[in-house]
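The sequence and the structure are shown below.

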Amino acid sequence: MRLALRIPQSESETLLLVLSLARSAPMFRTETEGRTSAYMAIFPDVSLSFDLVERLIGVAAELPDVQVSIDARPIKGLTKFLNALRCYRESVAEFDPRAYCARQAAKIDDAGSCPDRACVSHCLFICTRCLQVVREISAPPIRAQLKVIAIQAEAEWCLNLRMP
């Protein structure tokens, strides 16, 4: 999974901390367009830099107009993305990452939030939104609906994600 972070030049005091972290990325460059400068931190494989990515995005989120993308798809909700990234990070430390995901999703069911029907995805971030799935005959396929939900949850990039 390739993650790119674009940091526009700003007068914020936070910029210096962000740049010091960004320079530790596997790839770092400065882009200039006219009088405007921006900095790019690129992680060709985000799984090799979890700590740095989490810290960098957490601090960079305080800056105006910061842009993050995962596999070239823009991330709209940095907090949602960080939550999904942390979950993925925890899953890769497990012997069976899919079983880990199913356990996390089961917590929703245990809380009584899950409807009385078959689970369509064993992902915590989709389970919290699965009531949005329309099962009528004229509705789009469930897989397509789940993909939209996964994007809204900023979790469609997760390598553990399996949809029917």
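In what order do the elements of the protein chain run from the N terminus on? The model, which is predicted, shows the order β-α-β-β-α-β-β-α-α-α-α.

Some overall values for the protein chain are as follows.

| Property of the protein chain | Value |
|---|---|
| Share of the 164 residues that count as buried | 45% |
| Share of contacts between residues at least 6 apart in sequence that join residues at least 24 apart | 57% |
| Accessible surface | about 9,500 Å² |
| Share of the accessible surface that belongs to carbon and sulfur atoms | 53% |

The interior may be considered next. In soluble globular proteins, nonpolar side chains tend to be buried together. In this model, the largest nonpolar core holds 46 residues, of which Leu3, Leu5, Ile57 and Trp157 touch the most other members. Apart from its neighbours within four places in sequence, Ile57 is in contact with Leu3 and Leu5, and also with Val68, Leu78, Phe81 and Leu82.

Helix α6 spans residues 142-152, and its buried residues are Gln145, Leu146, Ile149 and Ala150. These four lie on the same side of α6, because they cover an arc of only 140° around the axis. An α-helix has 3.6 residues a turn, so residues three or four places apart point the same way. The buried residues of α6 pack against α5, which comprises residues 124-127. After α6 comes Glu154, whose phi is positive, near 60°.

Terms used
Residues are numbered from 1 along each chain as its sequence is written. This is a predicted model: local features need pLDDT of at least 70, side-chain atom pairs count only at pLDDT 80 or more; totals for chains, interfaces and linings use all residues. Side-chain values use heavy atoms; hydrogens and water are left out. Helices (H or I, at least four residues) and strands (E, at least two) are DSSP runs, numbered from the N terminus. Buried means under 20% relative accessible area, exposed over 50%, partly exposed in between (1.4 Å probe, protein chains only). Contact means heavy atoms within 4.5 Å. Accessible areas come from the Shrake-Rupley method with a 1.4 Å probe; for residues, only the protein chains shown count as cover. The arc is that of the directions from the helix axis to the C-beta atoms. A nonpolar core is a set of buried Ala, Val, Leu, Ile, Met, Phe, Trp, Tyr and Cys residues joined through side-chain atoms within 4.5 Å.
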